[in-house]
Amino acid sequence: MNHLLALPIVLPAFTAALLLVLSRAPVVMARALSAAATLGLFAAALAVLAQAKSGTPLVYQVGNWPAPFGVVLVVDRLSAFMLLLTALLALAVLLYAVQGWDARGQYFHPLFLFQLMGLNGAFLAGDLFNLFVFFEILLIASYCLALQGLLVERLRATLHYAAINIAASSVFLIAVSLLYGVTGTLNMAHLAERMAQVGTEDVPLARTAGLLLLGVFSIKAALFPLYFWLPAVYSNAPAPVAALFSIMTKVGVYAIIRVTTLIYGVDAGVVMELTSLWLLPLALVTLALATLGALGAGRLATLTAYLTIASVGMILSAVAIGGVAAFSAGLYYLAHSTIVIALLFLVGDLIGRSRGDMTDQIHPGPQIPRKATLGLAFLFAGATVAGVPPLSGFIGKVMVMQSAKDAIAIVPVWTVIVVTSVLMLVGCARAGTIVLWHVTDPLPAGPAHAPRPGEWIALGALAAGSLLLVLFAAPITRYTDETAAQLLSPASYVDAVLGPQRDGLVRPHTTGGLR
Amino acid sequence: MELMIAIGLGIVTACGLYLVLRARTFPVVLGLSLVSYAVNVFILAAGRLASGAPPIITPGAAGYADPIPQALVLTAIVISFGMTGFILALAVRIWHQTGSDHVDGGEPATVSGPAGKP
């Protein structure tokens, strides 16, 4: 059996546990272990990607129990893509955090690794219940990370964040047990197969479960009208944590893609395309409202938080349009937005730290040192988010617009994307002009911390990531095209998990609804 | 039995939701716990309700109870216990730090209720 697939979960879990035991050890040791584990994750993600590229989903049966009876980890092209993206982001964030920030919050490194474990687990989980469990792992790690420093604003934002997510978890469990009640399985491949055989009297239950799942994942992804928790949490979280959180909303997006293509996909019979009515309008409204939020933001971190929501709106618009081209565009945009939003959070932090007591408020303030370099970094990040050619945002947005060419909803999609892109540019330009050019005092009042070399390298790595997405757009879009094609033919996933012959499987209970 | 369980779950969930929407942290935590209790019983009910039936193969058994929801509910209980503990600690911390148990981390700035009551 291919034990490599368990590595993205096992490696951070064990390293984090070790770091908890060694919590009194010098911080250098924690940094070294954490860096080694993250590098290991990167190598594992590359190896997994190389194997998953062939097109056959890889399956790891935990304890060698055959599916659907045991727990399976499944890696298809989408999972491998998300694993690699997470590992790349984690490397840059860790490099930024070890420049001294990590010593301020206790247990930063174990929490960081538990967060990575939860993220990787969510991408690998082959059944809905394990998806739930890994969601909880990444959530509890994210609560603690968002709290680092224990400022009152952080406590307040985290309380709201924790409360809404605990409520969402209850809804997730209701949806999961409804699906179990209807189909008698929770393995996603098995569910995909059973969904086509759901009896007429159970169809409403199956549809309810699907829409409940969509609601839960929309909370994680921050889709309108369920995104109101996000700006407070992301803008108050410490910068490296906020940068890491740029992948958190994408987990919700990943779950929506996985469930809508696999369980409620093309082979699902009467319950197929469950979300088509809802997703596109909600995604476009999310994009529009988040852009307005970005225009009105009072802090650079709030601006970035709203741009995070806007990116989710953009990706889910592509997902809602459907088809290979649109999915491919959505995945490209997912990679682009994760990297660039992390970059924007970090740049905003560096600018805020240089301004003393003014922090990152979008308000005229003191002259900052290294205005040119920080200003250029902000200009680059803002222009990329807004989609100025030839940067990665431009390519992503054009891909989404092209994929909508034959859709019925072409007029609203194109209008919203073009208008919001212009408004995003206005929002970023406004913030940059006020913060960098409206100088009222020559020197900052209060302590100002100069950026360290390692922080510049982290920024440079993220910017390079965005540029590489442009330079290697052809091979990357070829990969996302193949990923989209694989997502839209779920039969290969089902065959890989359950095996080609599967007539002898027993149903745990006879047909019939919840009696 | 199904009807009784369904009505009971409905009442507990409704009470939980009402408490979750309160403005003080302690009722919110209680509400989240009530909702998770209801969800746990709902998971069990999803595996069909059977009394006195064995969950594993037993010679001469007339019927079986589904063991999977029982396993799922154990995990769900542990997770909701941990989460409740966390949010309770968080609420206490906010109370210590701000002197208020309001969910927004401080008393509302303007109080204008009927007859001048908050």
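Colleague: Where does Thr359(A) sit?
Modeller: Thr359(A) is in the loop that runs between α14 and β3 (365-366) of chain A. Keep in mind that this is a predicted model.

Colleague: On to peptide bonds. Where is there a cis one?
Modeller: One cis peptide bond links Phe224(A) to Pro225(A), with omega about 0°. Pro225(A) sits in the loop between α8 (203-221) and α9 (230-236) of chain A. A cis bond also joins Pro389(A) and Pro390(A), where omega is about 5°. Pro390(A) is in the loop between α15 (371-386) and α16 (392-403) of chain A.

Colleague: Let's switch to the core. Which residues have the most contacts inside the largest nonpolar core?
Modeller: Those are Leu316(A), Ala342(A), Leu343(A), Leu346(A) and Val347(A), in a core of 228 residues. Helix α14 (residues 324-354) of chain A gives the largest share of this core, 20 residues.

Colleague: What is Val347(A) in contact with, leaving aside neighbours within four places in sequence?
Modeller: Val347(A) is in contact with Leu374(A), Ala377(A), Phe378(A), Ala381(A) and Leu459(A).

Colleague: Now chain B. How many helices and strands does chain B have?
Modeller: Chain B has 3 helices and 0 strands. Its radius of gyration is 20 Å, well over the 13 Å from the globule rule for 118 residues, so chain B is more spread out than a compact globule. The C-alpha trace of chain B spans about 70 × 30 × 15 Å along its principal axes.

Colleague: How much of chain B is buried?
Modeller: Buried residues are 28% of the 118 in chain B.

Colleague: And how do the chains meet: how many residues of chain A are in contact with chain B?
Modeller: On the chain A side 24 residues are in contact with 30 residues of chain B. The elements giving two or more residues to that side of chain A are α5 (128-147) and α6, and the largest share, 16 residues, comes from α6(A). By class, that side of chain A has 16 nonpolar, 5 polar and 3 charged residues.

Colleague: Back in chain B, what do the buried residues of α3(B) pack against?
Modeller: They pack against α5 and α6 of chain A, together with α2 (25-46) of chain B. Among these buried residues are Leu72(B), Ile79(B), Met83(B) and Ile87(B).

Colleague: What comes just after α3(B)?
Modeller: Gly99(B), with a positive phi of about 75°. Gly184(A), which follows α6(A), has a positive phi near 75°.

Conventions: Residues are numbered from 1 along each chain as its sequence is written. Chains are lettered from A and ligands numbered from 1 in the order in which they are written. This is a predicted model: local features need pLDDT of at least 70, side-chain atom pairs count only at pLDDT 80 or more; totals for chains, interfaces and linings use all residues. Helices (H or I, at least four residues) and strands (E, at least two) are DSSP runs, numbered from the N terminus. Two residues are in contact if their C-beta atoms, placed from the backbone, lie within 7 Å. Ala, Val, Leu, Ile, Met, Phe, Trp, Tyr, Cys and Pro count as nonpolar, Asp, Glu, Lys and Arg as charged, and the others, Gly among them, as polar. The radius of gyration is taken over C-alpha atoms; the globule rule is 2.2 Å times the number of residues to the power 0.38. A residue is buried if 20 or more other C-beta atoms lie within 10 Å of its own, exposed if 12 or fewer, and partly exposed in between; C-beta atoms are placed from the backbone. A nonpolar core is a set of buried Ala, Val, Leu, Ile, Met, Phe, Trp, Tyr and Cys residues joined through C-beta atoms within 7 Å.
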